[in-house]
Amino acid sequence: MKHLTTKTKELVLNGSLEEKLFHLRKQKWIPYPNADKILAKLEDLKNYPTVDRMPNLLIVGETNNGKTALINRFYKKNNPYIREGEYDVVIAPVLVVQAPAEPDEKSFYNKILQILNAPIIKSESPDIKQRRIISLFKKLEVKLIIIDEIHHVLAGSPLKQRIFLNVLKYLSNELKIPIICVGIRDAFNVIQSDAQLANRFETVIMERWKMDKAYLQFLVNYEALLPLENPSYLAENSMASKILAMSDGLIGEINTILIKSAELALKSGLHKIDHKILDNIEYVSPEDRKKILRRANL
């Protein structure tokens, strides 16, 4: 079982079917070059010295293409901790917040206050909430804020969009910490709609996978974590091409396909993924899902 990591091999040899399925369904982080590059950039921004115009970053990618997993990975490495001293102090270097469903300043502040375990006072004005947040950020020594699903801003009227973007500008100016916005391609239009913000945000793209060395290595690394006794040779040309075509090149879809396939391989007793297994999992590709919805007029 040279195709497995030591830990996975132990599970294959000693684990029950239930334990293998549980391991299979657990969240996994499998490094790949583009993610490593973005994680390094986030780390660099977190440690950026205070300057008048702090650099910001916009991470753009399609739905189910690894954006949230990447953010969670970065956050886990930067969890809040207690700095011991004469008085123990809680430090939260990174804050991750999801943009509200529509660009509403008050909802945005409430989300941040909730994450910070601060009281949410319904009658409080946005200005006071903002001052409390700025004070808490300084107290907790927040060095970087990540706003996920920033494209939600487009759900509001032009006036609401402008007000929300002004909030981002104000926070960036007042706190002097990098702001990271994350979203689908529409997020790019959100930032570009404000000339001042557009100048402050560098954009990085999380592209779909293509048939290259990085993709094949990703499959090799993924296979090493699947509790399957026999090698599946996922990086072999015909297997890799089939998985790529089924998934439309989206990492979240690749993950779904491999989990379902490994489950079927375990339950069938084959203990490896082959073309027949891939053909027999219950899976509909993103493109086919769209066609089904179009046919149903949804």
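This is a predicted model: local features need pLDDT of at least 70, side-chain atom pairs count only at pLDDT 80 or more; totals for chains, interfaces and linings use all residues.
**View 1**
Start with strand 1, residues 56–61, where 6 of the 6 residues are buried, so the strand is largely enclosed by the rest of the structure. Look at which way the residues point: Asn 56, Leu 58 and Val 60 go one way, while Leu 57, Ile 59 and Gly 61 go the other. Strand 7 (residues 201–206) runs parallel to strand 1 and is joined to it by 6 bridges. Strand 6 (residues 179–183) is also parallel to strand 1, with 4 bridges between them. To find your place, pick out two pairs: Ile 59 has Val 204 as its bridge partner in strand 7, and Val 60 has Gly 183 in strand 6.

**View 1. Ile 59 and the nonpolar cores.**
Now zoom in on Ile 59. Setting aside residues up to four places away in sequence, Ile 59 touches a whole list of others, including Ile 38, Leu 42, Leu 70, Ile 180, Val 182 and Met 206. The largest nonpolar core has 47 residues, and Ile 59, Ile 180 and Ile 273 are those with the most contacts inside it. Helix 12 supplies the largest share of this core, 8 residues. There's a second, separate core too, with 35 residues, among them Leu 116, Ile 147, Val 167 and Leu 197. In soluble globular proteins, nonpolar side chains tend to be buried together.

**View 2. Helix 12 from end to end.**
How far apart are the end C-alpha atoms of helix 12? They are 25 Å apart, which agrees with the 26 Å that its 18 residues should span at 1.5 Å a residue.

Asn 34 sits in helix 3, residues 33–46. Beyond its neighbours within four places in sequence, Asn 34 is in contact with Ile 205, Met 206 and Glu 207. A polar atom of the Asn 34 side chain lies 3.4 Å from the backbone oxygen of Ile 205. Ala 214 is 180 residues away along the chain, yet its C-alpha atom is separated from that of Asn 34 by 8.9 Å.

Conventions
Residues are numbered from 1 along each chain as its sequence is written. Side-chain values use heavy atoms; hydrogens and water are left out. Contact means heavy atoms within 4.5 Å. A polar contact is a pair of N or O atoms within 3.5 Å; within protein, one must be able to donate a hydrogen and the other to accept it, and residues adjacent in sequence count only if both atoms are side-chain atoms. A nonpolar core is a set of buried Ala, Val, Leu, Ile, Met, Phe, Trp, Tyr and Cys residues joined through side-chain atoms within 4.5 Å. Buried means under 20% relative accessible area, exposed over 50%, partly exposed in between (1.4 Å probe, protein chains only). The expected span of a helix is 1.5 Å times one less than its number of residues. Two strands pair if DSSP finds at least two bridges between them.
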